[in-house]
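Hi,

Here is the structure I promised to pass on. My notes follow below it.

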Amino acid sequence: MFTYMVKSVKRSLKWKLISIIVTILIFTVSTIGISSYIQTKSSVRQDIDHLSMQVLKQANMNLNRYYSEYELAFLMISNSLEIRDWMRISSPIVSSEQIRNYERIKENYLNRLFLQYPEVLSVSLYNPSGFEQHFVNTFALPLNYTIKNEPYFSKSGNFEKVKFITGISENYVDATNQKMKIPVLTLFKQLYNGYLKIDISLTASQKVMDQINITNSGVAVVMDESGTIIHHSHADEVMGHLDDHIVQTVKGQQEGSIFDKSGKELIIFQTIQMTGWKIVAILPYQEIAKSINYTRNVTIVIAISALIISVLLTYFASSSVTRRILGLRRMMKAMQLTSRFHSRADVEGSDEVADLSTSFNNLLGHLEQSIHDHAETRVLQHRAVISALQSQINAHFLYNTLETINSMAVIAKQSHIGSVAVTLSNMLRYTSDYKNVQVILKEEIRHLENYLSIMKVRFKDEVTYDIAIPEELLQAACTKALLQPLVENSIKHARETTGEPVHIRIIGEALDGDKLKLTVADNGPGFTADTLTRLTREQADSHAHTYHFKQVGLSNLIYRLHMFYLAEADIMFSNDPVRGGAVVEVFLPLQGKLEK
């Protein structure tokens with residue numbers, strides 16, 4: 001069954017098209033769905049991470065503000081003159097001065113402190129002489145209470161700054177004289193060799209934790225370095241101990257977010273600058289994943305629905321397209337069998353298939369016309385062959401005539417006439433050989449010397465020349481009939497026009513190892529300004545491939561150079577500013593086997 005389906009797909013363009021489109025759709029939808037799910041998952045986590053970090057930052061600022069205000073109040077009391085005077089008391093006898101000092105401390109500082117911070121439980125002073133004084137706000141302290149019994153008292157000398165100490169205090173009693181267990185924040189510091197201690201209830205700062213609500217089952221915790229819980233979003237967890245793996249996870253880091261795979265929790269934390277404690281948010285990943293899973297399920301449902309609809313639309317669309325293609329296919333097969341080029345395919349619609357049918361009909365028309373043109377071309381070819389044979393006969397007749405003139409000149413003992421005839425014959429043979437368009441420079445020089453020898457017969461010593469081409473460049477390749485038109489132009493405009501003798505210099509040299517420079521210069525009147533302008537324009541037109549061939553001579557040479565070498569050759573026209581006369585410089589690619 002599967003093999004039959006594969007064969008059907010291979011034979012049918014429609015089912016190939018449907019299979020390809022469905023495959024592309026499945027790949028596209030799957031890629032988009034997976035990418036969307038991954039991106040949504042990452043985005044949701046980042047959003048929750050960012051939101052949690054902002055909530056923790058706000059809670060951090062609030063707690064830091066609480067602790068900063070407590071420390072400021074502590075320092076204000078510790079730096080007062082009254083406290084300093086109290087610390088200097090050495091006599092155990094209560095004097096009126098001591099009573100006044102006590103009243104000033106209470107009136108100027110403690111009453112204001114208790115009023116501003118009702119969560120302050122007590123303020124305790126310890127004199128270097130061993131005297132203690134306790135001021136309570138809400139709850140009472142037992143008469144036998146002493147600071148020396150506190151566990152941190154023995155280490156008090158190590159506290160350079162105000163020490164923040166947390167714990168469950170059992171020192172306070174209620175109105176019925178029953179001991180109470182109260183979570184307490186204690187500020188403690190050595191002062192003038194004595195000590196100052198302030199106990200603060202954690203209820204006020206606990207309210208900050210109660211306001212943190214990131215997820216339904218998430219918790220927020222403030223803990224010290226050892227993992228003791230100072231604040232917890234569940235008040236009954238205060239002064240407990242946080243899980244060791246969380247404590248170790250955030251230990252040594254200031255802030256960040258970590259996904260704990262073992263507990264499947266997202267842990268976000270910051271450090272409270274004032275105390276060095278850490279405020280931690282612990283969010284169950286399952287709760288975070290609810291929105292991700294919902295998005296995933298919705299994406300899958302939409303993708304499957306869209307895929308089913310797309311497959312149905314693809315089937316109908318491909319049927320519409322392939323129906324006309326099948327008709328065109330039948331037309332092509334009929335053409336292969338019958339070769340009836342006058343038949344035409346039906347054109348329906350205005351899309352690409354319609355354009356293909358129109359193009360096929362045009363192709364049939366062109367083929368029909370081509371067959372007709374081919375028949376006419378065969379006739380023209382026969383005529384061209386006959387004309388070429390006739391031209392060959394005419395050329396042979398011309399060469400034979402020149403040989404006859406040479407023989408007659410020898411018989412008449414007129415050797416110069418025979419020499420001219422032979423030289424002219426050699427020139428004609430050289431220029432009429434159309435098989436070799438490119439020759440070596442040595443052959444081009446020989447052709448030029450043949451031409452100059454005829455000119456010297458004609459003008460005697462009024463035409464002189466010198467050729468300065470290094471021996472190693474004579475094997476370089478160049479196009480045929482390159483130098484003779486330039487020399488002919490010099491004789492025409494320097495000798496025939498002015499009647500004055502003309503001297504022509506032909507110079508060859510190699511440039512940069514890959515360019516051949518040929519220079520033809522004379523001592524005539526040089527190019528006119530109009531001529532230079534025309535030649536420069538024709539040269540630019542040839543570079544731009546907009547050349548319009550209108551003249552012979554130099555114009556013909558420009559055309560032939562750029563047709564043969566394209567952009568690899570160049571020709572420059574100028575007048576010699578020192579010697580006078582026209583200067584033509586031809587630059588060709590240095591090709592051929594050079595002699596060394």
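Of the chain's 596 residues, 38% count as buried. Keep in mind that this is a predicted model. The accessible surface comes to about 35,300 Å². Carbon and sulfur atoms account for 56% of that surface. The chain has 13 helices and 17 strands. Take the contacts between residues at least 6 apart in sequence: 60% of them join residues at least 24 apart.

Next, a helix pair. Helix 10 covers residues 441–459, and helix 11 covers residues 483–496. Their axes come within 9 Å and cross at roughly 25°. Angles under 35 degrees count as roughly parallel, so helix 10 is roughly parallel to helix 11. The crossing is right-handed. On helix 10, the contact is made by L441, E444, I445, H447, L448, Y451, L452, M455, R458 and F459. Helix 11 contributes L483, Q484, V487, E488, I491, R495 and E496. By type, the residues of this contact divide into 10 nonpolar, 2 polar and 5 charged.

V583 lies in strand 17, which spans residues 582–589. Is V583 buried or exposed? Its relative accessible area is 10%. Buried means under 20%, so V583 is buried. Leaving out residues up to four places away in sequence, V583 touches T519, V520, A521, F527, M572, F573, S574, N575 and D576. I504 sits 79 residues from V583 along the chain, and their C-alpha atoms are separated by 10.0 Å.

Best wishes

Methods
Residues are numbered from 1 along each chain as its sequence is written. This is a predicted model: local features need pLDDT of at least 70, side-chain atom pairs count only at pLDDT 80 or more; totals for chains, interfaces and linings use all residues. Side-chain values use heavy atoms; hydrogens and water are left out. Axes are lines fitted to C-alpha atoms, for helices over the stretch in contact, and angles run from 0 to 180 degrees between N-to-C directions. Helices (H or I, at least four residues) and strands (E, at least two) are DSSP runs, numbered from the N terminus. Angles under 35 degrees count as roughly parallel, over 145 as roughly antiparallel, 65 to 115 as roughly perpendicular and the rest as oblique. A crossing is left-handed if the near helix is turned anticlockwise from the far one by less than a right angle, and right-handed if clockwise. Contact means heavy atoms within 4.5 Å. Ala, Val, Leu, Ile, Met, Phe, Trp, Tyr, Cys and Pro count as nonpolar, Asp, Glu, Lys and Arg as charged, and the others, Gly among them, as polar. Buried means under 20% relative accessible area, exposed over 50%, partly exposed in between (1.4 Å probe, protein chains only). Accessible areas come from the Shrake-Rupley method with a 1.4 Å probe; for residues, only the protein chains shown count as cover.
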